[in-house]
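I opened my notebook to record what I looked up in this structure.

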Amino acid sequence: MTSSKSPNGINCWIRRQHCPCGEQKCYIRLEEEKNEEILSDFSNVDLAPPYIGQKFRTDDDAFEYYTNFAKKNGFAIRRESSKSNVDVGVYIRLLVCYRSGSLRIRRSAKPDSQRGRKSSVCGCMARMYIVKEVFGGILRWCVKKFSNSHNHELLQDDQVRLLPAYRKIPDVYQERILSLSRYGCSVSHIMKVMQSERGKESGQLPFLDRDVRNFLQSSKKIDRENDLPELLNMCKAAKVKDANFLYDFTMNDNAKVSSIAWSYGDSFRAYKVFGDLVVCDATYHEITYDRLLVVWMGVDNHGKTILFGCALLRDETSRSFKWALQAFLRFMQGRFPPVFVTDVDLGLKEAISSVLPNTKLVFGLWHIVSKLPSWFSYPLGPRYDEFKSEFHRLYSLASRKDFESQWNQTLTHFGLVSNKHVSLLFSHRTSWALPYVSGYFLAQMTRTDFSKSIDAFLKEILSAQTSLESFFEQVGIAANNVRQREEKETGQILMKTSMPIEEHASSILTPFAFRMLQTEVVLSMQCAAFETSNGVYLVRHHKNVDEGCLVSWIPKDEKVNCSCKEFELSGVLCRHALKVLALKNYFHVPEKYLPFRWRCESSILEANSEDWSQTFHSLTSTLYSESSITKERISYVHEELSRVLN
């Protein structure tokens with residue numbers, strides 16, 4: 001994600017990397033960490049030199065390209081000068097070699113005082129001159145002049161990386177450095193740990209000891225106690241503007257704001273309709289003010305992520321999590337969520353068990369999968385990919401008995417019987433493995449794109465923030481967008497089969513929910529159904545001989561139940577149940593299997609009033625009595641209602 005920068009250049013929001021096993025030396029290496037290392041390594045990339053006429057979307061793109069070329073070829077660059085006006089802003093930039101310029105002789109009050117540092121400038125004329133121009137009605141930055149003539153020796157790869165321009169601590173390293181520092185590790189020890197964890201030899205990291213020392217020193221210069229009171233004042237001001245805005249906070253022994261949580265009126269209205277599933281993200285740490293960010297989210301009837309509230313906590317203890325959950329319950333007027341989805345965090349799990357004893361805790365599969373490389377890629381080596389495939393197969397098993405027996409067989413096969421992370425996963429299997437959570441509504445969190453939706457929503461909140469004030473404003477925008485997005489949400493409906501069930505569902509479900517059901521309708525046409533002696537149907541894919549699901553059908557109650565439990569999990573009938581309904585000549589999906597939360601009518605816009613249904617019935621009753629007075633009125637009402645229904 002795009003990390004937020006504080007005034008001193010330190011990233012504000014970064015992902016926590018601690019491992020739930022609790023060991024200090026064990027941490028989770030994030031996927032973006034690997035990507036950043038790959039992107040920052042240009043040793044094997046053949047970058048062509050810039051050329052006259054080359055175009056870039058922005059001047060930053062041009063600077064990045066020239067920087068990468070320079071790093072590959074043994075020098076560094078800097079922005080030298082620019083020209084601008086009020087109409088188009090900056091329209092000319094000059095980028096030069098880092099050794100460009102004339103040597104300046106500094107006069108000191110003490111002639112004998114010498115800093116002993118030799119200047120690097122030597123009048124090098126290597127440079128790139130770019131100009132903003134319009135091409136086909138689109139603004140682009142174009143290279144007008146380029147020179148790669150240097151009057152100095154170019155550096156080798158092991159030397160160029162030590163230049164100040166490239167000696168930066170990547171975002172993904174910062175949380176680990178701060179974590180080690182909090183444990184009392186010295187700078188030299190931190191460097192050794194970083195080298196060991198990344199398989200680097202001494203001196204191969206993209207930064208030096210002094211860079212770590214400067215980073216740690218600058219991170220301590222933030223006045224952490226003054227920013228949260230400002231955030232509290234923003235909450236008070238928001239309460240004045242909106243009576244439905246809610247907030248809570250705690251104070252430390254010095255009467256300073258310690259933790260703070262808040263929510264919005266629209267968030268509560270959304271929770272009343274879509275609070276059957278709460279996703280809690282506590283993976284981001286605000287390092288400049290040393291606070292943990294907790295965000296409560298849900299999924300609306302269009303499959304979009306919606307905000308229920310958020311909090312900044314002083315620490316990651318179970319006590320802080322309990323306070324945050326209690327605040328969340330107060331914001332939601334004591335309505336307990338049936339299902340609570342979060343990361344593998346034992347402190348948070350303890351808090352949920354205490355505050356939400358009747359709520360089903362589920363560890364998001366995407367959180368677990370993101371940890372698998374850190375846990376198993378090293379001990380398994382080339383067998384890791386095989387293990388990962390086997391893990392997903394075990395996760396999807398239908399029977400708890402099969403899961404437990406095959407889990408043990410898998411551990412023996414891969415030699416992981418005594419592995420601490422395997423033991424951690426198995427001890428908490430009731431919170432993540434599908435055989436244990438399939439009876440609970442999880443919307444679409446088992447789909448691979450569910451985590452992408454969550455991440456995109458968090459990026460929207462956290463990207464490009466420079467202060468807690470702008471962060472607070474962005475959270476408010478995200479909360480208000482729930483209503484605006486719902487009003488604009490549309491989707492084109494295309495029929496894929498000639499089955500009446502498909503057409504019936506298209507008129508009731510939102511486009512998102514309909515597409516989920518439509519997929520199952522299409523797949524049901526590839527299934528074969530066989531009635532057993534006890535009236536239960538065995539339904540399986542027509543090419544499979546042994547596998548299948550058992551579907552029971554009770555005509556009196558129009559009740560259909562499948563052993564795959566897809567309806568309980570997602571709120572959408574599975575292909576197996578739909579196959580049986582087709583055999584029973586059903587042209588409509590039974591009412592009970594079109595959940596209100598996936599319907600077009602399930603809207604937070606109507607959730608403003610608890611008695612909206614009663615009000616609606618009152619209006620229709622009045623309409624009937626008033627229209628029945630004359631034939632003209634009956635005719636008029638009939639015409640208008642027909643138009644509305646159409």
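**Entry 1: two loop residues**

I started with Lys 565, which counts as partly exposed because its relative accessibility is 34%. The model is predicted, so I note that before going further. I found Lys 565 in the loop between β17 and α20 (566-570). Its phi is near 60°, a positive value in a residue other than glycine.

Next I looked up Glu 558. Where does Glu 558 sit? I found Glu 558 in the loop between β16 (549-554) and β17 (559-562). The phi of Glu 558 is near 50°. That is again a positive value in a residue other than glycine. Glu 558 has 33% relative accessibility, so I wrote it down as partly exposed.

**Entry 2: the whole chain**

I then stepped back to the whole protein chain. I noted 23 helices and 17 strands. The chain has 646 residues, and 46% of them are buried.

**Entry 3: helix α8**

Is helix α8 largely enclosed or largely open? I checked its residues, 265-274, and 9 of the 10 are buried, so the rest of the structure largely encloses α8. The buried ones are Gly 265, Asp 266, Ser 267, Phe 268, Arg 269, Ala 270, Tyr 271, Val 273 and Phe 274. I see charged residues in that list, Asp 266 and Arg 269.

**Entry 4: helix α16**

I moved on to helix α16, residues 449-462. It has 14 residues. From its first C-alpha to its last it reaches 20 Å, close to the 20 Å expected at 1.5 Å a residue. Which residues of α16 are buried? I listed Phe 450, Ser 451, Ile 454, Phe 457, Leu 458, Ile 461 and Leu 462. They cover an arc of only 125° around the axis, so they lie on the same side of α16.

**Entry 5: helices α12 and α13**

Here I looked at a pair of helices. Helix α12 covers residues 384-395 and helix α13 covers residues 400-414. They pack at an angle of about 175°, and their axes are 11 Å apart. An angle over 145 degrees counts as roughly antiparallel, so α12 and α13 are roughly antiparallel to each other.

Which residues meet? From α12 I noted Glu 386, Phe 387, Glu 390, Phe 391, Arg 393 and Leu 394. From α13 I noted Phe 403, Gln 406, Trp 407, Thr 410, His 413 and Phe 414. The residues of this contact divide into 6 nonpolar, 3 polar and 3 charged.

**Entry 6: Asp 402**

I stayed with α13 and picked Asp 402, which lies in that helix. Asp 402 counts as partly exposed because its relative accessibility is 34%. Leaving aside neighbours within four places in sequence, I found Asp 402 in contact with Leu 397 and Trp 407. Asp 402 and Pro 435 are 33 residues apart in sequence. In space they are 9.2 Å apart, C-alpha to C-alpha.

**Entry 7: Ser 186**

My last stop was Ser 186, in the loop between α4 (171-182) and α5 (187-197). At 38% relative accessibility, Ser 186 is partly exposed. Ser 186 and Arg 213 are 27 residues apart in sequence. Their C-alpha atoms are 9.4 Å apart in space.

Key
Residues are numbered from 1 along each chain as its sequence is written. This is a predicted model: local features need pLDDT of at least 70, side-chain atom pairs count only at pLDDT 80 or more; totals for chains, interfaces and linings use all residues. Side-chain values use heavy atoms; hydrogens and water are left out. Helices (H or I, at least four residues) and strands (E, at least two) are DSSP runs, numbered from the N terminus. The expected span of a helix is 1.5 Å times one less than its number of residues. Buried means under 20% relative accessible area, exposed over 50%, partly exposed in between (1.4 Å probe, protein chains only). The arc is that of the directions from the helix axis to the C-beta atoms. Axes are lines fitted to C-alpha atoms, for helices over the stretch in contact, and angles run from 0 to 180 degrees between N-to-C directions. Angles under 35 degrees count as roughly parallel, over 145 as roughly antiparallel, 65 to 115 as roughly perpendicular and the rest as oblique. Contact means heavy atoms within 4.5 Å.
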